[in-house]
Amino acid sequence: MSGFARPALCVFPAGVHLRLFAVPLLLAFALAAFAAEPQRPFPSRSGSDFTSADIRALQADDFANPGMLWITRGEKLWQEPAGDSRLSCASCHGDAKSSMRGVATRYPLIDPATARLINLEGRILQCRERRQQATALTYESDDLLALTALVAMQSRGMPVGVTIDWQNRRNFEAGRAMYSRRVGQMNLACAHCHEANWGKRVGAEIISQGHGNAYPLYRLEWQTLGSLQRRFRSCLSGVRAEMLPYGAPDYHDLELYLAWRANGLPVETPGVRR
Amino acid sequence: MNVRVQLPRTAKHGEVIEVRIAIQHPMETGFRYDQMGKPISKNVINSLVCRYNGVEIFRAEMGSGISANPFLQFYTMADASGALEFFWGDDAGDQGSERALITVAG
């Protein structure tokens with residue numbers, strides 16, 4: 001045996017050596033910088049992609065979709081005068097089909113009057129309180145879900161499109177921090193499932209990317225329509241963490257981060273999930 | 001009670017038509033307990049009847065095995081213009097009804 005072949009690197013002049021090391025080093029720096037930037041899952045896939053064919057068919061059928069019962073209710077409520085003002089939603093906004101088109105894709109947004117982040121439910125509650133001067137609706141009540149779903153459905157098929165600017169940057173960062181903060185006895189963050197392990201199975205379920213583009217949606221487990229905040233609460237309960245009350249500002253921040261993450265995905269309200 | 005009914009507005013005489021009805025209802029099974037540990041009493045839509053111009057064409061008797069917001073679909077033959085009327089009632093004594101019109105040509 002003539003012995004080992006000499007390593008090829010040794011025949012190059014010293015300069016090449018350096019360059020060979022420098023390239024991966026620069027790449028590592030570049031990756032580190034990239035990791036610090038907020039990331040979206042790639043490719044972005046809606047939650048319906050992770051459900052079974054029969055559930056997708058149920059969502060696609062505008063009659064069989066159980067969420068449509070709330071839409072029917074919402075259409076009635078839209079026309080009904082409420083509160084001391086005796087104004088209905090339609091008194092100011094007219095036909096929801098045209099006036100509410102595309103509205104849901106921009107929420108949550110900064111409310112100019114209070115300079116705070118507000119979600120779609122919050123806007124409906126605010127309108128009801130200030131303009132209609134009616135009794136407040138509670139979160140997850142059939143009426144609030146019906147109105148939210150009706151408004152959100154007018155954007156069906158349109159891409160989610162929130163912009164992050166100087167006004168909502170702090171909320172966005174807070175939501176993003178919440179997304180990757182470990183919580184609860186299971187010590188898990190949202191990102192552990194929905195960022196690092198989407199597409200894999202947990203029990204019988206396939207983990208989705210955790211987008212909010214189909215809310216309020218009908219979950220077969222709940223046997224009713226539910227808001228995105230209800231989903232947050234059931235995730236928090238799942239990792240055995242403390243559930244914040246409905247309408248908590250932290251949830252709004254998280255909603256904003258999720259909306260940014262889902263940018264470009266079509267609105268599917270009312271969605272159907274297991 | 002919130003309800004949705006779907007059937008074709010017009011049909012030819014003798015045509016088989018699809019009738020669909022969805023009712024918003026919790027369909028409480030009676031097996032659940034509230035947060036204080038008290039049993040929640042059973043409350044399901046126990047019967048639903050559909051009459052076509054007064055003639056009963058469909059009847060369903062439902063129990064605790066039917067999911068919330070029941071969705072029923074059946075077929076019938078369009079033989080005359082008129083109304084399909086639905087009547088149903090639940091264990092709590094709430095009654096509901098809905099009617100849908102159909103025009104039969106030929």
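Which residue in S6(B) is the bridge partner of B:Arg20? In this predicted model, the partner is B:Gln73.

Chain B contains 8 strands and 0 helices, and its elements accordingly read β-β-β-β-β-β-β-β from the N terminus on. Its radius of gyration is 16 Å, well over the 13 Å given by the globule rule for 106 residues, so chain B is more spread out than a compact globule. Along the principal axes, the C-alpha atoms of chain B fill a box of roughly 60 × 20 × 20 Å. Of the 106 residues in the chain, 18% count as buried. Among contacts in chain B with a separation of 6 or more, 58% join residues 24 or more positions apart.

Within this chain, 3 strands form an open, antiparallel sheet in the order S1-S3-S6. The edges are held by S1 and strand S6 (71–77), each with a single partner strand, so one side of each is left without a neighbour in the sheet. On average, and with direction ignored, neighbouring strands here are turned by 15° against each other. Strands of a sheet pair through backbone hydrogen bonds. S3(B) and S6(B) pair in the antiparallel sense over 7 bridges, and B:Arg20 is joined in this way to B:Gln73 of S6(B).

The contact between the chains draws 10 residues from chain B and 9 residues from chain A. Strand S1 (3–6) and strand S3 (16–23) of chain B each supply at least two residues of the side that touches chain A. By class, that side of chain B has 5 polar, 3 nonpolar and 2 charged residues.

Key:
Residues numbered from 1 in each chain as written. Chains lettered and ligands numbered in written order. Predicted model: local features only at pLDDT ≥ 70, side-chain atom pairs only at ≥ 80, totals over all residues. Contact = placed C-beta atoms within 7 Å. Helix = DSSP H or I, 4+ residues; strand = E, 2+ residues; numbered from the N terminus. Nonpolar A, V, L, I, M, F, W, Y, C, P; charged D, E, K, R; others polar. Rg over C-alpha atoms; globule rule 2.2 N^0.38 Å. Buried ≥ 20, exposed ≤ 12 C-beta atoms within 10 Å, placed from the backbone. Pairing = 2+ DSSP bridges. Axes fitted to C-alpha atoms, helices over the stretch in contact; angles between N-to-C directions.
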